[in-house]
Amino acid sequence: MTDNVLRSPSVGTSTTDLVRPCGAPRLPRVEPVAPPGRTPLVVTLSGGGFRATLSGLGVLRFLADAELLRDVRWVSSVSGGSVANGLLAVAMPALRKDGFTRIAVDDQLIRPFIDQVSKESLASRMLRRAWKLVGPMSRTDLLAQQFDELFFGGLKLHELDPEWRFIFNAANTSTGVRFGFERDVLGDYVLGDLPTAPYDVPLARAVAASAAVPGVLAPTTVRGLPEFPCQRDRRQRLVDGGVYDNMGLEPVDDIRDAFLVALNAGGLFVTGSTGGRIPLIRDLSLAQSLLYRQSTALRRRAMVERFKAYEAIENTDTGAMSEPPPPWARHGVLFGLATTMPEDPRTKQWRASNPGEPMEAVARVKTSFDRFDRPVCRELIYSGWWLAGATISSYHPHLLPDPSDPPHWTEPW
């Protein structure tokens with residue numbers, strides 16, 4: 001199939017190294033059942049270290065406050081957002097038992113995570129265990145081990161809740177495309193798919209692969225698997241999913257009958273930033289930042305245009321449609337930590353209910369897995385909460401239980 005060939009810089013461009021989509025049938029993903037009589041939700045959580053984890057937890061907290069968390073059926077994530085996604089997956093039985101309430105989110109997700117990351121630096125914890133790297137263990141293997149000990153308790157992918165579809169995204173440098181981990185399958189469309197159940201793949205391994213920042217953490221593979229259907233002697237070399245799609249939008253792109261809540265908690269490109277004093281490192285750092293900014297901006301602009309096409313035929317007060325939406329349109333909101341909201345009546349109503357609008361400074365919090373002070377944790381959670389509430393109440397108020405009285409912030413401790 002020379003008319004649909006992918007050229008991957010990581011493997012060259014000679015005719016022997018051309019990378020083609022796998023011809024084997026893709027394994028089925030078990031799609032969740034929509035909540036009866038309600039709009040199902042898709043949530044995407046971007047990369048950005050623990051900054052992204054904390055603001056992602058804030059988004060989930062708002063959805064609980066707005067009685068919408070129970071309607072989520074898909075969560076797609078990258079890097080730091082995958083930590084929040086994994087925490088949600090682990091807490092799912094308890095959250096369901098307690099009715100997906102704000103109190104349940106505080107008890108099961110927010111407080112335990114803040115207690116951990118405000119007490120101890122994950123980066124320092126890994127340094128103290130660096131002796132384990134003498135041998136076959138890589139830095140990313142060590143990260144997976146620490147994730148498991150601190151957050152995920154040995155949970156395996158095939159043990160995830162079947163009523164939700166949790167998607168953890170890495171980037172495969174051997175094929176040049178997104179590599180996905182899910183409850184039922186893992187793989188990409190060049191290698192093909194493998195089922196997860198026979199191989200006991202840890203959730204922590206999926207999150208660590210999604211967070212394997214190039215240079216800081218080594219590319220990783222998933223051990224104990226047979227060859228993929230179209231492996232052709234190439235091992236998967238997985239790095240941070242943000243290298244390919246930092247907002248985790250691609251795997252949920254074809255879910256058209258759900259409302260999308262997309263958080264971009266990635267870092268900012270600072271105009272005039274030097275990136276360091278060493279010319280080579282400085283220039284490579286700036287080029288990498290610019291490429292990230294470009295790819296994220298293109299995905300964001302395309303999605304916003306699709307939102308506008310849907311909104312053009314929607315009665316935002318009732319949700320009624322004047323005509324069927326175009327097949328490429330999407331229903332939802334997308335926001336970043338530096339998003340500024342317009343001055344319109346609905347946004348003013350939201351500000352009146354929750355006057356503490358986040359400052360842009362939260363978007364400049366370091367991208368790391370270091371220790372975060374409790375006040376910083378609170379500000380990041382609040383920012384995710386406030387921005388999710390502001391965008392939904394401003395553009396799609398009919399989703400809220402009472403649009404005239406949107407949720408009010410309450411401290412999680």
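This is a predicted model: local features need pLDDT of at least 70, side-chain atom pairs count only at pLDDT 80 or more; totals for chains, interfaces and linings use all residues.

Reader: What is to be said about the phi of phenylalanine 100?

Author: The phi of phenylalanine 100 is positive, at about 55°, although the residue is not a glycine. Aspartate 200 likewise has a positive phi, near 50°, in a residue other than glycine, and aspartate 200 lies in the loop between strand S6 (192–195) and H6.

Reader: Why is aspartate 200 given the class it has, at 45% relative accessibility?

Author: Buried means under 20% and exposed means over 50%, with partly exposed in between, so aspartate 200, at 45% relative accessibility, counts as partly exposed.

Reader: What makes helix H6 largely enclosed by the rest of the structure?

Author: Helix H6 covers residues 203–210, and eight of its eight residues are buried, so the helix is largely enclosed by the rest of the structure. The buried residues include Leu203, Arg205, Val207 and Ser210. What they pack against is a set of strands and helices, namely strand S2 (72–78), H2, H5, strand S3 (165–172), strand S4 (177–181) and strand S7 (238–240).

Reader: How many residues does the protein have, and what share of them is buried?

Author: The protein has 413 residues, and buried residues make up 52% of them. The protein exposes about 18200 Å², of which carbon and sulfur atoms supply 55%.

Reader: Which residues make the contact of H2 with H5?

Author: From H2 come Val83, Gly86, Leu87 and Val90, and they meet Phe147, Phe151 and Phe152 in H5. By class, the residues of this contact divide into six nonpolar, one polar and no charged.

Reader: How do you know that H1 and H2 are oblique to each other?

Author: The axes of helix H1 (residues 49–65) and H2 come within 6 Å and cross at roughly 45°. H1 and H2 are therefore oblique to each other, and H1 passes H2 in a right-handed crossing. Among the residues that meet are Phe50, Leu57 and Leu60 in H1, with Gly80, Val83 and Leu87 in H2. The contact of H1 with H2 has eight nonpolar, four polar and no charged residues.

Reader: What makes H1 oblique to H10?

Author: H1 and H10 pack at an angle of about 50°, with their axes 7 Å apart. That makes H1 oblique to H10, and the crossing of H1 and H10 is right-handed. The contact includes Arg51, Leu54, Arg61 and Asp65 of H1, together with Cys377, Trp385 and Ile392 of H10. By class, the contact of H1 with H10 has 10 nonpolar, four polar and three charged residues.

Reader: Why does tryptophan 413 count as partly exposed?

Author: Tryptophan 413 has 44% relative accessibility, which puts it between the limits of 20% and 50%, so it counts as partly exposed. Tryptophan 413 lies in the segment after H10. Leaving aside its neighbours within four places in sequence, tryptophan 413 is in contact with Arg111, Ile114, Arg374 and Arg378. The C-alpha atoms of tryptophan 413 and arginine 378 are 9.7 Å apart in space, although the two are 35 residues apart in sequence.

Reader: Where is aspartate 405 found, and what makes it partly exposed?

Author: Aspartate 405 is found in the segment after helix H10 (374–395). Its relative accessible area is 42%, so aspartate 405 is partly exposed.

Terms used: Residues are numbered from 1 along each chain as its sequence is written. Side-chain values use heavy atoms; hydrogens and water are left out. Contact means heavy atoms within 4.5 Å. Helices (H or I, at least four residues) and strands (E, at least two) are DSSP runs, numbered from the N terminus. Ala, Val, Leu, Ile, Met, Phe, Trp, Tyr, Cys and Pro count as nonpolar, Asp, Glu, Lys and Arg as charged, and the others, Gly among them, as polar. Buried means under 20% relative accessible area, exposed over 50%, partly exposed in between (1.4 Å probe, protein chains only). Accessible areas come from the Shrake-Rupley method with a 1.4 Å probe; for residues, only the protein chains shown count as cover. Axes are lines fitted to C-alpha atoms, for helices over the stretch in contact, and angles run from 0 to 180 degrees between N-to-C directions. Angles under 35 degrees count as roughly parallel, over 145 as roughly antiparallel, 65 to 115 as roughly perpendicular and the rest as oblique. A crossing is left-handed if the near helix is turned anticlockwise from the far one by less than a right angle, and right-handed if clockwise.
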